[in-house]
Amino acid sequence: MTWRDAIVMAGRSVRRRAGRALLTVLAVALAATLLTSLLIASGAARRRVLDQVSEGGPLAGIQVAAAAPDPGALDTDQPSPGAPRAIDDNALARIERVPGVKSVVPVIVDPVRVVPPTNPIVKATTSDADNEGARAPFSENLVGADLSHANDLPITVLSGRLPRAGSLTEVAVTLGYVRRFGLNRSQAARIVGTEIVLGAPRLFGAIGPQGQIRGRWTRAAVVGVVAQQAANGEILAPIEQARLAQDWSRRGDNPAQFGVDPSPYSALFVVANGLGRVTEVRAAINRIGYSTSAPETLIESVQRYLHVVEIVLGGIGLIGLLIAALGITNAMLAAVRERRREIGVLKAIGARDRDVRRVFLLEAGTLGFAGGLVGSVFGYMLARALASVVNRYLAQEHLQGVAFGVPVAVLSAAVVGATLLALIAGTLPAQRAAGLPARQAMGDR
Amino acid sequence: MTRRPRVLVAALALAAVGCAGGSAPSRATRVTVPVEKTKTLVVMGTSATVGDGLDQQLKLQDAWPRIFYRNAFPRATVLLNAGVQDESTEDALRDQVPLVEEASPSIVAIWLGAVEASEQRPVTQFAADLNGVVRRARATGARVLLADLPPVAGIDIGAYNRVIARVAADQGATLVPLHAQTISMLPGQASAFLPDPAGHRVIARAFEDALHRRPTN
C-alpha cells in the first residue's frame with residue numbers, strides 16, 4: 001500500500017464518520033485553545049511585569065555611575081556609590097572590552113534653563129494665573145543619551161516617538177514636564193509638537209563685579225513623552241545635544257556652580273549578554289573602579305515566580321490536551337472495532353500490518369492537526385480579546401498597556417504538539433488494528 | 001550509505017550555525033551617527049538687549065533678541081546673547097567681542113550706543129569703538145546687522161546715528177533703522193532706552209526686516 005492509498009483511506013474514514021471526527025477535532029481544538037490562550041496571555045504578562053521591573057530597559061541592564069564602588073555594598077542591587085570618579089573615553093573603552101558586555105550606552109546630564117512654549121498649552125484647562133506660572137522658565141536636567149542604542153536604555157515611549165539620534169532640534173520629555181502644565185498622563189499627547197528653548201549656562205567671571213552668566217540657547221521640538229530611568233532629568237535628548245551644552249558650560253569659570261558634572265560622561269548604561277552574566281560584568285566594572293547597580297536579584301526572583309505561574313498555566317492546558325488525546329484513543333478504538341471486516345479485507349488482499357497501522361495513525365494525526373490548527377487560531381483570538389480588555393482597564397488607570405504581537409512559536413508549537421499527541425494517542429488503536437489476524441477480522445462478522 | 005553522510009553534514013552545519021549565534025561578541029560596538037548642522041546667532045548690546053525692565057519671569061521670552069531668534073531663524077539655530085547691562089561700546093569690545101570670535105557665528109546682531117547717547121559721550125570715541133566691534137565681528141565671516149538708536153525724548157541721537165550708518169556702510173554691515181520706528185519705552189527707568197514688551201516686538205521686527213534685505217556685500 002502506498003502513502004497515497006493510506007491518505008485516501010484515512011480521509012475516507014474521517015468523512016464516513018464525520019460526526020465523531022468533528023467531535024474529536026472539537027475536543028482537541030478546545031484543549032489547544034485553552035493551552036495557547038494561557039501561554040500567550042502569560043507570555044504577555046511576563047513581558048509587562050519584567051518591563052516594569054527593569055523600568056523599560058533590557059533585563060540585563062547595568063547602570064554605571066561616575067563614582068568609585070563602595071566596597072561594602074558590592075553584592076546589592078542598588079549600592080550607594082563611593083567617591084566621585086570621572087568616566088572618560090578611556091574608561092568607556094575599557095568597559096566595552098569587558099567579556100560578556102553586549103553594549104555600552106553613555107549618558108551625559110547637563111543642568112539647563114528651560115523656557116516653555118510661548119503659546120499656552122493649558123489655557124483650556126487652568127486659570128490664567130496657572131497659565132502664567134506654566135510659562136515661567138525653570139531649571140532642569142537635560143539627559144543626553146546615545147539614542148542610536150535606544151533599545152538598550154531604560155526608556156519607554158508613552159506618546160509620540162524618541163528624538164532622532166544626532167538631532168539637535170528634537171527632544172522628548174517625561175511626565176514630570178507634562179505635569180508642569182497641569183496635564184496628566186492621558187493628556188501627554190498635547191505636549192507633543194510644542195517647542196521648548198533650552199539654555200546651557202556659562203559663567204564669565206571676568207565680566208562685572210559678580211561675573212556674567214550667559215546661556216547657549218537652542219530650540220527643540222518635543223517629539224515624544226517618555227518614562228526614562230537613564231538619569232535624573234525631565235528632558236531627554238540625543239547625546240550630541242547634551243555634549244554641546246556640556247562643552248559650553250565647562251568652558252566657563254566655576255562650572256560646578258551650576259552643577260555641571262566634572263565627568264565627561266555622567267553615567268553609562270551597560271547591557272550584559274544575558275541576565276546570567278550580569279553579576280560577572282558588574283564585578284569586572286567594579287574592578288575597573290566604578291560603582292554599578294542593576295535590578296538583577298529582583299528580576300531573577302520575579303522570573304522564578306513567573307516561571308512557576310507559567311508551569312501551572314501550561315499544566316492546565318496540557319491536562320486539557322491529554323483529555324482530548326484520550327478522546328482520540330477512545331474514538332479510534334471504536335473505529336477499530338467497527339472496521340474489523342474492512343481491516344480483514346485489506347489484509348486478505350495483501351495489506352501488511354504496517355500499512356494498516358499507517359492508515360490509523362494518519363487518521364489520528366489528521367484529527368490532531370485539524371484540532372491543533374483550529375485551537376491555536378481560537379486561542380490567539382481569545383488571548384487578543386483578553387488583552388484588549390486588560391489594556392482598556394490599564395488605559396483607564398493611566399498605565400501603560402500590554403504589548404501584544406503574534407507569538408508564532410506558541411501557535412506553531414500548539415499545532416505540532418496537538419498533532420504529535422494525537423499520533424501518540426492513536427498508536428494503541430493502530431497497533432491493535434495492525435495486530436488483527438485477517439481471518440479473525442473477517443470471521444467476526 | 002549515501003543518506004548517513006548527508007545527515008552528518010546537516011548536523012554539523014546546524015551545530016556551526018548554533019555556535020555562531022550563541023557566541024557573544026567580544027566587544028560592544030557603537031555607531032557614529034551624523035549630527036545635525038546648526039547656525040549660530042550672536043546678539044551684542046546693552047541693557048535692553050538683556051531684557052532689563054521686563055518682568056523677570058518673561059524676559060527670556062519677550063526681550064527683542066528672543067523674539068528675533070524665534071521668528072526669523074530656523075529651529076536649528078543656536079542663540080548666544082553676549083549683551084551686558086549698562087555696557088558702552090568700549091566695554092563691548094572687551095567683554096562681548098571675544099564671545100563672537102569664539103562662536104564663529106553666521107549672524108551677529110548689534111545694538112550699541114545707548115549708553116554713549118544717554119551720557120552724550122564723545123562721538124569720535126564711539127565711532128572708533130563701534131568700528132572696532134563691527135570690524136572684528138565681520139572678520140569672523142558673519143553677516144552683521146547693526147541697529148541705530150530710536151528717537152527718545154530729550155536725547156540727541158542724530159550724531160550717533162550718523163556714526164552708526166557710516167560704520168555700517170564702511171564695514172559692509174546691514175543697517176537696522178530703528179530711528180524710523182516708533183518704539184514705546186518703559187517710563188521711570190535708569191536708562192532711557194529700555195523698551196516695553198511692545199517696543200521689543202518692534203525692534204525684533206526691524207531686525208527681521210533687515211535680515212531679509214540683501215546684504216550689501
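1. Start with chain B. Among its contacts between residues at least 6 apart in sequence, 76% join residues at least 24 apart. The model is a predicted one. Of the 217 residues in chain B, 50% count as buried.

2. Next, the layout. Chain B holds 9 helices and 5 strands. Along the sequence their order is α-β-α-α-β-α-α-β-α-α-β-α-β-α.

3. Helix α3 covers residues 64–72 of chain B, and helix α9 covers residues 197–212 of chain B. Their axes lie 8 Å apart and form an angle of about 45°. That angle makes α3(B) oblique to α9(B). The crossing of α3(B) past α9(B) is right-handed.

4. Which residues make the contact between α3(B) and α9(B)? From α3(B) come Trp64(B), Ile67(B), Phe68(B), Asn71(B) and Ala72(B). From α9(B) come His200(B), Arg201(B), Ile203(B), Ala204(B), Phe207(B), Glu208(B) and Leu211(B). By class, the residues of this contact are 8 nonpolar, 2 polar and 2 charged. An α-helix has 3.6 residues a turn, so residues three or four places apart point the same way.

5. Is His200(B) buried or exposed? His200(B) counts as buried because its relative accessibility is 0%. Neighbours within four places in sequence aside, His200(B) touches Ala48(B), Leu54(B), Asp62(B), Ala63(B), Trp64(B), Ile67(B) and Pro195(B).

6. Helix α7 runs over residues 123–139 of chain B, and helix α8 over residues 158–171 of chain B. They pack at an angle of about 30°, and their axes are 10 Å apart. Angles under 35 degrees count as roughly parallel. α7(B) and α8(B) are therefore roughly parallel to each other. α7(B) passes α8(B) in a crossing that is right-handed.

7. Now the residues of that second contact. α7(B) supplies Val123(B), Phe126(B), Ala127(B), Leu130(B), Asn131(B), Val134(B), Arg135(B) and Arg138(B). They meet Ala159(B), Tyr160(B), Val163(B), Ile164(B), Arg166(B), Val167(B) and Gln171(B) of α8(B). The contact of α7(B) with α8(B) divides into 10 nonpolar, 2 polar and 3 charged residues.

8. One residue of chain B stands out by its backbone. Asp86(B) is not a glycine, yet its phi is positive, at about 60°. Where does Asp86(B) lie? Asp86(B) is in the loop between β2 (77–81) and α4 (89–95) of chain B. With a relative accessible area of 52%, Asp86(B) is exposed.

9. Asn254(A) is not a glycine either, and its phi is positive, at about 50°. Asn254(A) is placed in the loop between α6 and β9 (267–272) of chain A. Its relative accessibility is 47%, so Asn254(A) counts as partly exposed.

10. Last, helix α6 of chain A. This helix spans residues 239–250 and has 12 residues. From first C-alpha to last, α6(A) reaches 16 Å, close to the 16 Å expected at 1.5 Å a residue. Which residues of α6(A) are buried? They are Ile239(A), Glu240(A), Gln241(A), Ala242(A), Ala245(A), Gln246(A), Trp248(A) and Ser249(A).

Terms used. Residues are numbered from 1 along each chain as its sequence is written. Chains are lettered from A and ligands numbered from 1 in the order in which they are written. This is a predicted model: local features need pLDDT of at least 70, side-chain atom pairs count only at pLDDT 80 or more; totals for chains, interfaces and linings use all residues. Side-chain values use heavy atoms; hydrogens and water are left out. Axes are lines fitted to C-alpha atoms, for helices over the stretch in contact, and angles run from 0 to 180 degrees between N-to-C directions. Helices (H or I, at least four residues) and strands (E, at least two) are DSSP runs, numbered from the N terminus. Angles under 35 degrees count as roughly parallel, over 145 as roughly antiparallel, 65 to 115 as roughly perpendicular and the rest as oblique. A crossing is left-handed if the near helix is turned anticlockwise from the far one by less than a right angle, and right-handed if clockwise. Contact means heavy atoms within 4.5 Å. Ala, Val, Leu, Ile, Met, Phe, Trp, Tyr, Cys and Pro count as nonpolar, Asp, Glu, Lys and Arg as charged, and the others, Gly among them, as polar. The expected span of a helix is 1.5 Å times one less than its number of residues. Buried means under 20% relative accessible area, exposed over 50%, partly exposed in between (1.4 Å probe, protein chains only).
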